[in-house]
Amino acid sequence: MATAKKSGLPVKAGTASRKAPVRQAARPVTKAKAPAAKRAVAPTGPVKKQAITSGSATAPEKPAKVKKPKLVRDSFTIPKAEYVVLDELKQRAAKLTQPVKKSELLRAGIKALAAMQDAAFLAALANVPTIKTGRPTKSS
């Protein structure tokens, strides 16, 4: 405990007091240096000459960047029997030396549906029963 304040309470050394901060002396004003662009600098090493190219020769173009598609995360309810079919299809693909994920199977199914003619598409939709949406109830 270094010194006492006006209130009589001790003050720790090195802590700020309620007094106004001490101002530092003003630095003398010096002339500003010239900006780097205006200063003349002598080259330190050998100067390389740039090759003069004709107007018709241009640098090869960089390949355009391919943007990744934006992904969407979603959840859905599916009957247990159809979920088992997904697992069977995954095992079938693995036996054919082409292991896949569930999402890849679903995406392949979507592409197959999109490629169908209208009549075949409607027939495939008719084979899928409508289920109640939302989370399934817990059965004991």
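This is a predicted model: local features need pLDDT of at least 70, side-chain atom pairs count only at pLDDT 80 or more; totals for chains, interfaces and linings use all residues.
The secondary structure of the protein comprises 3 helices and 2 strands, arranged along the sequence in the pattern β-β-α-α-α. Of the 140 residues, 2% count as buried. When contacts between residues at least 6 apart in sequence are considered, 23% of them join residues at least 24 apart.

The axes of helices H1 and H2 come within 10 Å and cross at roughly 100°. Since angles of 65 to 115 degrees count as roughly perpendicular, H1 and H2 are therefore roughly perpendicular to each other. In this pairing, Tyr83, Leu86, Leu89 and Lys90 of H1 meet Lys102, Leu105 and Leu106 of H2. The residues of the contact divide into 5 nonpolar and 2 charged, with no polar residue present.

The largest pocket holds about 1,300 Å³ of space and is lined by 28 residues. Phe76, Ile78, Leu86, Leu106 and Ile110 are the lining residues nearest the centre of the pocket. Among these, Leu86 and Leu106 also take part in the contact of H1 with H2. At least two lining residues are supplied by each of the helices H1 (80–95), H2 (102–115) and H3 (118–126). H2 provides the largest share of the lining, with 8 residues. By residue class, the lining of the largest pocket consists of 18 nonpolar, 5 polar and 5 charged residues.

Notes. Residues are numbered from 1 along each chain as its sequence is written. Side-chain values use heavy atoms; hydrogens and water are left out. On a 1 Å grid over the protein atoms alone, a cavity is a set of points where a 1.4 Å probe fits but cannot get out, and a pocket is an open set with protein on both sides within 12 Å along at least five of seven lines; lining residues have an atom within 4 Å of a point. Grid points are joined across faces, edges and corners, and a volume is the space filled by probe spheres set on the points. Helices (H or I, at least four residues) and strands (E, at least two) are DSSP runs, numbered from the N terminus. Ala, Val, Leu, Ile, Met, Phe, Trp, Tyr, Cys and Pro count as nonpolar, Asp, Glu, Lys and Arg as charged, and the others, Gly among them, as polar. Axes are lines fitted to C-alpha atoms, for helices over the stretch in contact, and angles run from 0 to 180 degrees between N-to-C directions. Angles under 35 degrees count as roughly parallel, over 145 as roughly antiparallel, 65 to 115 as roughly perpendicular and the rest as oblique. Contact means heavy atoms within 4.5 Å. Buried means under 20% relative accessible area, exposed over 50%, partly exposed in between (1.4 Å probe, protein chains only).
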